[in-house]
Amino acid sequence: MNELHNRTKIVATLGPASAKKEVLLQMIKAGLNVCRINFSHGKHEEHLQTINLIREINLENNFNVGILADLQGPKIRIGDMENNGVAFAAGDIVNIITTPKVGDKESIYITYTAFPKDVNPGEIFLLDDGKMQMRVLDTNKTDTVKAEVIYGGILSSKKGVNLPFTKTSTPSLTEKDREDLEFALKHNIDWIGLSFVREAKDIIDLKKIIAKSGSTAKVVAKIEKPEAIDNIDSIIDVTDGVMVARGDLGVEMPMEEVPLLQKQIVRKCNALAKPVIIATQMMDSMVANPRPTRAEANDVANSVLDGADAVMLSNETSVGLYPVIVIEAMSSIVRNIENGMYPYYNDSQIEEHPETFLADSVCNSAVYLAEKTSAKAIVAMTFSGYSAYQIASQRPKARTFVFTGNRDLMNSISLVWGVKAFYYDKFETTDQTIKEVNNILKENGFVQEGEVIINTFSTPIAEKGRTNTIKVSVA
Ligand SMILES: Nc1ncnc2c1ncn2[C@@H]1O[C@H](COP(=O)(O)OP(=O)(O)OP(=O)(O)O)[C@@H](O)[C@H]1O
Ligand SMILES: CC(=O)C(=O)O
Ligand SMILES: [K+]
Ligand SMILES: [Mg+2]
């Protein structure tokens, strides 16, 4: 069952290979916690079917699989290609044009209309996450750029284009993003991923739109541009979660800088109790193979050791041949690290905010108490989830359990390291509540008779204030 699986959560992108009931159910049973819906691909109609499928499976099995809607952002793409793929070799000359058409050997449509205006002869641009490279030979500054292929390959439909050497001028929420956002909010999605975030204001603006719609959706800032690295502290401060989007980040910046950036971002997120996802190419070879490379196994393991809340799969599960086997493989790597190497990743630095200092201190002390008493469970009675984020950010050896009357929180918290949620909406006396909660943990096999449980909550219980109380009890 899902309960006995990984604490580091698994996010998987759904697509034609996985948005089917039998496959998705098996993926969840193998350890999938959050489904990513990528608005770069597919129609609303298809996304709605996927959303309904996830909800149906949740309902039938009492699961809390969360949903992350990943907005495309100002990503530049090419259009459809002839036969869904055209081969290019070094030295080929091709026109990049801003008038829509199916691309071929002679010309390729690009979605970025200012492309001929923004680029200059000699500038390099990259396609398909950097797998192909071209150089600008000439531009007419209106609708056509003549380019030479430097590194060729097979260019298939709708692949991304990166212009790391060109100053681009696009808003962070495009017209398409606004439509996709409205759709996502209408369908009560748990997490909204914003691509190509440049500054904190991008997140603040998005949060305003979300709040205005009356939604409680949380925001993931996707870090994939040098500007986001420059503004990383202020971005982490205002966002609910972060994604290290290594696909674009490794093209927009020198790829050799990504490993250290990953470690720095994860550390900052852990310190502020913001969940952080490591994404892209984690198990890339499993798109076509039933086993990962040793390097991929190491990448997943090291991301866990860095302190990631979640590791993500993209094309491995959206279009890959082995959507279930890749989750099984990822899950077993994660679990093995968590079981064997525990002391190596329990070193997160905690920052206490002045405005939440008391609650933060209570949560931090609960983790300390849990270590000291070898507790099996830390319970957070919470409506907002705040205390659970805070507790989980310290990666306690005891599992973190949320008891909440907030149904939305049960799915959104699926992204957060080591947290499992139970629905609980009775708030009678503190003694009665603790007794009931501990019994639920015992009945579900999470603690055995005689094991220690650390309960955190807020008293007076009826006031539902910030966490201010810790109780040590024995099951
Ligand atoms: N829903 C889908 N329908 C068809 N093809 C898809 C779908 N999702 C993904 N793909 C294919 O799988 C590839 C990798 O998937 P992935 O989700 O990583 O997309 P991506 O294009 O890299 O997006 P992004 O840059 O936004 O992360 C895509 O480039 C696309 O060819
Ligand atoms: C996930 C994503 O957007 C990236 O890696 O670029
Ligand atoms: K996207
Ligand atoms: Mg990206």
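**Notes on a predicted model: strands, helices and metal sites**

1. In the strand β17, the residue V311 is the bridge partner of I278.

2. Which way do the side chains of A310, V311, M312 and L313 point from strand β17? A310 and M312 point one way, whereas V311 and L313 point the other way, and all of them are buried. The background is that in a regular strand the side chains alternate between the two faces of the sheet.

3. Helix α1 (residues 21–29) has V23, L24, L25, M27 and I28 as its buried residues. The cover over these buried residues includes the strands β1 and β2 together with the helices α2, α11 (315–318) and α12 (323–340). After α1 comes G31, whose phi is positive, near 125°.

4. In the model, the end C-alpha atoms of residues 6–324 lie 15 Å apart, and the span is 34% helix and 25% strand.

5. The potassium ion (ligand 3) is coordinated by N38 through OD1, by S40 through OG and by D70 through OD, at 2.7 to 3.1 Å. Along the chain, the donors of this ion follow the spacing N-x1-S-x29-D. S40 lies in the loop between β2 (32–38) and α2 (44–61), while D70 lies in strand β3 (residues 66–70), so the pair ties together parts that are 30 residues apart in sequence. Are these two residues buried or exposed? S40 is buried because its relative accessible area is 13%, which is under the 20% cut-off, and D70 is buried as well, with a relative accessible area of 0%.

6. The magnesium ion (ligand 4) has E224 (OE) and D248 (OD) as its protein donors, which lie 1.9 to 2.1 Å from it. This pair links distant parts of the chain, with E224 in the loop between β14 (218–223) and α6 (226–230) and D248 in helix α8 (residues 246–252), 24 residues apart. E224 counts as buried at 2% relative accessibility, and D248 is buried too, with a relative accessible area of 8%. How far apart are the magnesium ion (ligand 4) and the potassium ion (ligand 3)? The two ions are 5.9 Å apart.

7. How many disulfides does the model contain? The count comes to zero, where a disulfide would need two cysteine sulfur atoms within 2.5 Å. One example is C269, whose sulfur is 18 Å from the closest cysteine sulfur, in C363, and therefore too far for a bond. C269 counts as buried at 0% relative accessibility, and C35 likewise counts as buried at 0%.

8. A further part of the chain holds an open sheet of five strands, arranged in the order β20-β19-β18-β21-β22 with mixed pairing. The strands β20 (419–423) and β22 (469–474) stand at the edges with a single partner strand each, so one side of each is left without a neighbour in the sheet. From one strand to the next, the twist averages 25°.

9. Within this sheet, strand β19 (residues 399–404) pairs with β20 in the parallel sense over five bridges, and F403 stands opposite F422 in β20. Helix α13 (residues 357–372) packs on the sheet, where it touches β18 (377–381), β21 (452–457) and β22, and its direction makes about 20° with that of β22. Helix α16 (residues 430–443) also packs on the sheet, touching β18, β19, β20, β21 and β22, and the direction of α16 makes about 135° with that of β21.

Key: Residues numbered from 1 in each chain as written. Chains lettered and ligands numbered in written order. Predicted model: local features only at pLDDT ≥ 70, side-chain atom pairs only at ≥ 80, totals over all residues. Heavy atoms only, no water. Pairing = 2+ DSSP bridges. Helix = DSSP H or I, 4+ residues; strand = E, 2+ residues; numbered from the N terminus. Axes fitted to C-alpha atoms, helices over the stretch in contact; angles between N-to-C directions. Contact = heavy atoms within 4.5 Å. Donors = N, O, S within 2.8 Å, 3.2 Å for Na, K, Ca; no water. Buried < 20%, exposed > 50% of the residue type's maximum accessible area, 1.4 Å probe, protein only.
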